[in-house]
Structure formats: structure tokens, C-alpha cells
Amino acid sequence: MSKVGDISGGDIASGHTEFQLRVLRSPFIAVIEPRTLTGQCLLAALQAHDGESVFKVYPRVSDWQESRERSIASMVLLCTAAAEAGDAKASPVERDIAVLRSCTPSVPFALMSEREDPDRILKALAAGAGGYIPTSLSLEVVVQILQLVIAGGVYVPATSLMAMAANGGGRSTQVVEATLGLSARQLLVARALRKGMPNKLIAYELNMCESTVKVHVRNIMKKLRAKNRTEAALLSSQLFSDA
């Protein structure tokens, strides 16, 4: 039986392979990692912690661009080396992002890096990234972030948001509002959710009708891809910290 990480584009074209059948009913996440061992370890770890998604590693963006799988991907995870992420110009990363946006403009992507520089994160988000994932996070959290990006959400590291707040006043709040895709009112409700407040109290605090709060909660759950209110509160606490 072939392993998902070893299936080639030619195999997909030949018929209903195991890879193709799984992709038809599961999210397909393309991982771009030039370091062979790191890529193999990351692939094994992601597969072990996310039994619902299908993963495949590509050494370069050009390999992804030339593959047949790019038309069926749910998202792309672009891994960057520490030297690239910390470089002031970061031209290799910017070129890779430009290629991704040109060859698969409708496919969301996120960056994974060892660095958590706020300016670099803002540049990545401005370029269209659906998230900036530091390698300091646990695999369980990374899997949740990938699901969030696939659903159309955006992840920003909480530590970076705090640094932005310390250096730029309300800058972190603006970033969260823009990247999460939440309206100003939804953001207020999401912050109340993370505090464990019931709808009735949220309505009182925000001067809303309770029915309006319920609608906002449903929309927040949809955007965060949360299965219930508790999960929405958990994801909210992970996604921003400047409440």
C-alpha cells in the first residue's frame, strides 16, 4: 500500500488511487519544506495528529506549481528556514508567496517559521497569508490552526500581538479585526466568549438584543470552524490576547 507522502502526480492521473480517494472526501494540505528530514518528520507528525486530513510534502514551491495536485488542495503550508524568515529582505520567501498567489490564487496558505518577528508577520499577512505559525506551538494547536485557515480564518501568534500592542498601541487590535474576518461587533462578542460570559450578560454589556448575540455567536463559530460554544471560546483565547 502506498503512503500518502510518496504518491506522485502521475499516480493520481492513472486512476482512483488511495491518495485520490482520500482527497475526494478529506481536506488536502500541501506542505512545502525544502529540508528532507524535517519534511518527513513534519509529515509523520501531522498525519499522526490529524486523521481527517491528507498531507503531502513538496521540497520547493516550483514542485508544487508543476504538480497535478495543486488543483485539489485545500491549503498550502509554506515552511521557511530561520535565516530566510529573519532576513530583512526575505526575497526567497516573498518570491515563493508570489508564485503561490499566481499559480493557486484561490487556495489559502500559511507560513511556518522559527521566528516570530511582528513586522515579518504583518508582511506575510499583507501578502495574503492565512496565518503565521511559529514552531514553538504544539502539534495539537498547529492542527487547529490549519483547520482554521482552510475555513477562511487567519491565525496570528498571541506573543506577536502583545509585542505589536507594546510597540504600536492599538496596532494589534486592528490586525486581529482585519485578519480574523470578524466585524467590530463580532470581535467584541468573541472577546466576551473567551471570558465565559453567557449570551444574556453579553447582550447587557454590549447593549444588544440577546437574539443578536446568538446570531453573532453562530457566525463566530462558523468563521473559527468551532463545533460548539466552548470550542469557539478556546479558539478565541488562542487567536488574540489584547482584550
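Modeller: Start with glutamate 114: at 46% relative accessibility, it counts as partly exposed. Partly exposed lies between buried, under 20% relative accessible area, and exposed, over 50% (1.4 Å probe, protein chains only). This is a predicted model, where local features need pLDDT of at least 70, side-chain atom pairs count only at pLDDT 80 or more, and totals for chains, interfaces and linings use all residues. Residues are numbered from 1 along each chain as its sequence is written, and side-chain values use heavy atoms, with hydrogens and water left out.

Colleague: What makes glutamate 114 and arginine 35 a salt bridge?

Modeller: Their side chains meet at 3.8 Å, N to O. Glutamate 114 is in the loop between strand 4 and helix 7, and arginine 35 in the loop between strand 1 (28-32) and helix 3 (36-49), so the pair ties together parts 79 residues apart in sequence. Helices (H or I, at least four residues) and strands (E, at least two) are DSSP runs, numbered from the N terminus.

Colleague: How do you know whether strand 4 is enclosed?

Modeller: 5 of the 5 residues of strand 4 (residues 109-113) are buried, so it is largely enclosed by the rest of the structure.

Technical notes. A salt bridge is a side-chain nitrogen of Lys or Arg within 4 Å of a carboxyl oxygen of Asp or Glu.
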